[in-house]
Amino acid sequence: MYQNNGVTDSLLRCAVLAGDLAATSERERSLPRELVDALIDSGLPRAGVPRLLGGPELPPSDALHATGTVARADASAGWCAAIASATSLLSAYLPARGAAEVFGDPRAVAAGVWAPTATARPVTGGVQVTGRWAFASGVPHADWLLAGCLLVDPAAPEDAAPLPRFVAVPVRELKVEDTWHTSGLRGTGSHDVVAADVFVPGHRTASLVDGPPPGAGPLHRFPLLGYFAQAVAAAALGNARGAMDDLVRLAAAHHPSGGARKLGERPAVQTAVARAEAALRAARLLCADAVADAWQTVREDREVSLDARVALRLAASHAVTTAAEVVSSLYDLGGAMAVYERSPLQRRFRDARTITAHVQVNSDSYEPPGRHLLGLPISTDRL
């Protein structure tokens with residue numbers, strides 16, 4: 001059972017292991033199997049699986065807090081947990097047979113790429129899928145990939161737009177290309193994945209556009225993309241909190257340029273750390289407030305308002321931006337000690353900047369909230 005905002009003994013052990021293996025994850029560009037097993041033991045990658053399928057069906061605040069706990073130890077591990085836990089929500093959208101097939105095994109891990117960058121064509125019994133998905137985080141240790149595609153029906157009218165769908169495919173039926181050579185989040189193994197005329201039975205396809213399935217519980221009526229954005233934000237905030245830990249340790253021991261005073265004894269450093277702490281706490285509380293508001297709404301069986309959906313996305317984007325700024329300021333405080341590859345602050349800096357590139361929380365993600373605040377119409381596709 002999860003208690004204390006999602007932190008259990010198994011999760012704490014997982015976080016310790018993630019920190020111990022951070023350098024190994026980065027070097028190997030994927031999470032070590034020992035760490036993957038610990039994550040599975042914690043239940044976090046299956047946070048969104050309904051209890052009917054044997055999942056924990058965690059409240060969002062618990063799962064997000066747990067993600068941040070892992071990311072505080074290592075951003076790559078926290079990122080993989082964030083993507084897997086958000087992807088596990090799709091278990092409620094699949095037909096019952098498909099959901100049991102993909103998520104019925106309590107040790108199966110599902111990676112997810114939601115962007116519809118592949119094509120699906122109707123065939124007898126299902127669809128034939130061809131295409132490529134980039135940024136398949138965690139695919140080296142995943143059993144399944146849940147991925148977006150556009151359904152192209154030859155029988156549809158010529159002016160009909162392709163329908164967005166997602167498919168669940170065993171990773172063994174796909175080609176994983178070794179493309180993840182990056183500056184940050186190296187341990188996530190976010191390679192490209194290719195499907196070449198892969199058959200997917202109908203019970204392993206579903207739509208996200210139509211909203212949650214009939215009879216869905218509160219968790220699966222929570223805004224899906226808002227949850228996804230908040231999961232990314234949780235990883236970013238956890239990484240920034242880890243950078244604070246790293247800087248505090250460095251400040252207590254390091255004498256810059258051989259001076260008499262330690263780094264932490266310098267007033268300028270004290271001021272910068274206090275400002276970073278305030279910014280980090282404020283960003284976290286903004287996310288917590290948005291999540292709590294939406295969660296209370298779905299628990300009361302009410303529809304989440306557009307204002308609340310915008311608040312989820314704005315809080316997530318702000319958290320990721322703030323986390324990157326905090327990590328950058330702490331990296332600067334580390335001075336010459338932070339430039340070495342062995343420095344955890346350097347890895348934190350690279351990971352933070354990489355997170356800001358994600359489409360859910362990049363600079364463009366501020367536009368819809370801005371339009372909404374100005375009273376202009378907005379598309380709800382990303383909310």
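The model is predicted: local features need pLDDT of at least 70, side-chain atom pairs count only at pLDDT 80 or more, and totals for chains, interfaces and linings use all residues. Residues are numbered from 1 along each chain as its sequence is written, and side-chain values use heavy atoms, with hydrogens and water left out.

A nonpolar core is a set of buried Ala, Val, Leu, Ile, Met, Phe, Trp, Tyr and Cys residues joined through side-chain atoms within 4.5 Å. Buried means under 20% relative accessible area, with a 1.4 Å probe and protein chains only. The largest core holds 99 residues, and Leu35, Leu146, Phe222, Tyr227, Leu247 and Leu330 have the most contacts inside it. Helix 8 (residues 224-253) supplies the largest share of this core, 18 residues. Helices are DSSP runs of H or I with at least four residues, numbered from the N terminus. Beyond its neighbours within four places in sequence, Leu330 has contacts (heavy atoms within 4.5 Å) with Ala240, Ala243, Met244, Leu247, Ala276 and Leu345. A second, separate core has 22 residues, including Leu151, Val169, Val193 and Val198.

Of its 14 residues, 14 are buried, so helix 5 is largely enclosed by the rest of the structure.

No disulfide (a pair of cysteine sulfur atoms within 2.5 Å) is found in the whole structure. The sulfur of Cys14 lies 11 Å from its closest cysteine sulfur, in Cys80, too far for a bond.

| Cysteine | Relative accessibility | State |
|---|---|---|
| Cys14 | 0% | buried |
| Cys80 | 6% | buried |

Conventions:
Buried means under 20% relative accessible area, exposed over 50%, partly exposed in between (1.4 Å probe, protein chains only). Helices (H or I, at least four residues) and strands (E, at least two) are DSSP runs, numbered from the N terminus.
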